[in-house]
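Student: I have a new structure to read. Can you take me through it one feature at a time?

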Amino acid sequence: MFEILSLVLRYVFIVIIYLFILNIIRLIYLDIRSSVSMTPKTDVAYLKVINRLDQLDFKMQEYYPIVGEITVGRGSRNDVFIKDRVVSKSHMKIFLADGYYYLEDLGSANGTFLNGNDIENNVVEIVDGDLISVGKVQFMFVNR
């Protein structure tokens, strides 16, 4: 009796391990598929949200194209609306001038951070791969 029970439990344990491994493979596949399919097909610069969207208290898109100028803030008139208490109504903007992109803090109360450094109401040039933090949200600037 003990031998039969041991054999059944052994096979049940093996099936559970295989199901666990298959579930991990499925999650990896879905993650890779979503990152490839969600990449913008345009040649314009864009902001990519680095945070996991499901962990934010509010809804956001994954990508925000930058055509000329883009504003970010808590106010609903902004191009990127962030419903976060620590984000100012008009927090920052990114704009194109003379072929270069610039980041400008619009007098925000809690600051705009570029690669971990507060830009303190300044206008700074940004390049491909720069990380921009606004409240709980972190963006990556992508310029193809």
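Student: Is Ile 21 buried, partly exposed or exposed?

Tutor: Keep in mind that this is a predicted model. Now compare the residue's relative accessible area with the cut-offs: buried is under 20%, exposed is over 50%, and partly exposed lies in between. Ile 21 has a relative accessible area of 41%, so Ile 21 is partly exposed.

Student: Where does Ile 21 sit, and in which element?

Tutor: Ile 21 belongs to helix H1, residues 2–37.

Student: Which residues make the nonpolar surface patch of about 1,100 Å²?

Tutor: Ile 21 is one of them. The patch also includes Phe 13, Val 15, Ile 17, Leu 19 and Phe 20. Leu 22, Ile 24, Ile 25, Ile 28 and Ile 32 are part of the patch too.

Student: Now the sheets. In what order do the five strands of the open sheet with mixed pairing stand?

Tutor: Read the order from partner to partner. Here it is S4-S3-S5-S6-S9.

Student: Why is one side of S4 and of S9 left without a neighbour in the sheet?

Tutor: S4 and S9 stand at the edges, and each has a single partner strand, so one side of each stays without a neighbour in the sheet.

Student: How do S5 and S6 pair?

Tutor: Look for the direction and the bridges. Strand S5 covers residues 92–97, and its pairing with S6 is antiparallel, over six bridges. Ala 97 is set opposite Tyr 100 in S6.

Student: What joins the two strands of that hairpin, and what is the phi of Asp 98?

Tutor: Two residues lie between the strands of the hairpin, and Asp 98 has a positive phi near 55°. Asp 98 is not a glycine, yet its phi is positive. Its place is the loop between S5 and S6. With a relative accessible area of 74%, Asp 98 is exposed.

Student: How many bridges join S6 to strand S9?

Tutor: Four bridges join S6 to S9, residues 123–126, and the two run antiparallel. Leu 103 has Val 124 in S9 as its bridge partner. Glu 104 is opposite Val 123 in S9.

Student: What is the order of the open sheet of six strands?

Tutor: That order is S2-S1-S11-S10-S7-S8, and the pairing is antiparallel. Its edge strands are S2 (63–65) and S8 (117–118), each pairing on one side only. Inside the order, strand S7 (residues 113–114) pairs with strand S10 (residues 131–134) over two bridges. Phe 113 is opposite Ser 133 in S10.

Student: Which residues have the most contacts inside the largest nonpolar core?

Tutor: They are Met 60, Ile 82, Ile 94, Ile 132 and Phe 139, in a core of 25 residues. Two or more residues each come from S1 (46–49), S3 (69–73), S5, S6, S10 and S11 (137–142). S11 gives the most, with three residues.

Student: What does Ile 132 contact, leaving aside its neighbours within four places in sequence?

Tutor: The list includes Leu 47, Met 92, Ile 94 and Leu 103. Phe 113, Ile 126, Phe 139 and Phe 141 are also among the contacts of Ile 132.

Methods. Residues are numbered from 1 along each chain as its sequence is written. This is a predicted model: local features need pLDDT of at least 70, side-chain atom pairs count only at pLDDT 80 or more; totals for chains, interfaces and linings use all residues. Side-chain values use heavy atoms; hydrogens and water are left out. Two strands pair if DSSP finds at least two bridges between them. A nonpolar core is a set of buried Ala, Val, Leu, Ile, Met, Phe, Trp, Tyr and Cys residues joined through side-chain atoms within 4.5 Å. Buried means under 20% relative accessible area, exposed over 50%, partly exposed in between (1.4 Å probe, protein chains only). Contact means heavy atoms within 4.5 Å. Patches are made of residues with over 30% relative accessible area and no salt bridge: like charges are joined within 9 Å, nonpolar side chains (Val, Leu, Ile, Met, Phe, Trp, Tyr) within 5 Å. Accessible areas come from the Shrake-Rupley method with a 1.4 Å probe; for residues, only the protein chains shown count as cover. A salt bridge is a side-chain nitrogen of Lys or Arg within 4 Å of a carboxyl oxygen of Asp or Glu.
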